Amino acid sequence: MPFTSNDSTASSSPSLDRGSLRPDCGNCFALCCTALGFSRSTDFAVDKPAGTPCQNLDSDFFCTIHDSLRPRGFRGCTVFDCFGAGQHVSQNLFQGISWRSDPGAAKNMFPAFKVVRQLHEMLWYLAEATKRTFDPDTSHQVKEFRKAIENAMSDTQQVLALDLDDLHSRVRSVLMNVSEEVRSSYLATGDDHLDAALIPGADLMGKKMRSRSLCGADLRGAYFIAADLRGCDLSGADLLGADLRDARLEGADLSKAFYLTQAQLNAAQGDARTLLPADLDRPRQWLNNG
């Protein structure tokens, strides 16, 4: 189904802020543990086909090893973030009727979850773009996208009919515009921004970058796996889709980093000195560091 950002049936203003785009597992039918599949790896101890319950899921949709996921080999579960899609699909699209109560619902519930998760992730970024753009026209455009996406999520069949590739492309374009606008307000100093490696999608795996100023850098999709970013200032840096697995963030300033998610933080290493945006949580595995 084609997507329009000026849908006349959309609500008058966006209603989903970042607080409502956080997981509420108690109101979800464990959709991340059922709809999604994974292969045995360093992140998952076993193979699990998509559309089947995880072996650790109990009858009440709770994880039986939730407090010991990492030592039991399920690190991937601690990194995943549905952006609140689970409770929206469970309680709004399917009116609180689970796939166990109605097994036939799974054929639409599981695919809808996968789509809504992507929509909620877009809303997460758009909510930040709304607050950070200086341009009234851009702000209006961002709000229209938010309203139209929210409207599209009111019906399961409408969700499943969405052209996600087209929507991703259009949302990405406006997010990039806001990023360029905000990053231009940061004055590059010294040699840090002259580094040819600091580009979108850069391979920075294991790179030692300790205590560098990366303010306003465009690091979209960059690979920071096991990179040393301790003490770095990432104010205004665009981290959309950046891979921060095992990146060292102890003492780094990410409080004004751009397009950061909880999943990225959960995958990284940090400590009590790491500065974070107000609407993101310090991962509990960081609490014993530093």
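Is Thr261 buried or exposed? I looked this up first in what is a predicted model, where local features need pLDDT of at least 70, side-chain atom pairs count only at pLDDT 80 or more, and totals for chains, interfaces and linings use all residues. Residues are numbered from 1 along each chain as its sequence is written, and side-chain values use heavy atoms, with hydrogens and water left out.

**Thr261.** I found Thr261 buried, with a relative accessible area of 4% (buried means under 20%, with a 1.4 Å probe and protein chains only). Thr261 lies in the loop between α6 (164-183) and α7 (262-267), helices being DSSP runs of H or I with at least four residues, numbered from the N terminus. Leaving out residues up to four places away in sequence, I noted that Thr261 touches Phe83, Trp124, Tyr125 and Leu280 (contact means heavy atoms within 4.5 Å).

**α3 and α4.** I then saw that α3 (residues 106-132) and α4 (residues 136-152) pack at about 155° with axes 10 Å apart, the axes being lines fitted to C-alpha atoms over the stretch in contact and the angles running from 0 to 180 degrees between N-to-C directions. The two helices are therefore roughly antiparallel, a term for angles over 145 degrees. Among the residues that meet are Leu119, Met122 and Leu123 in α3 and Val142, Phe145 and Ile149 in α4.

**α4 itself.** I recorded that 12 of the 17 residues of α4 are buried, including Val142, Phe145 and Ile149, and that the buried residues pack against α3, α5 (156-160) and α6.

Definitions and conventions: Buried means under 20% relative accessible area, exposed over 50%, partly exposed in between (1.4 Å probe, protein chains only). Angles under 35 degrees count as roughly parallel, over 145 as roughly antiparallel, 65 to 115 as roughly perpendicular and the rest as oblique.
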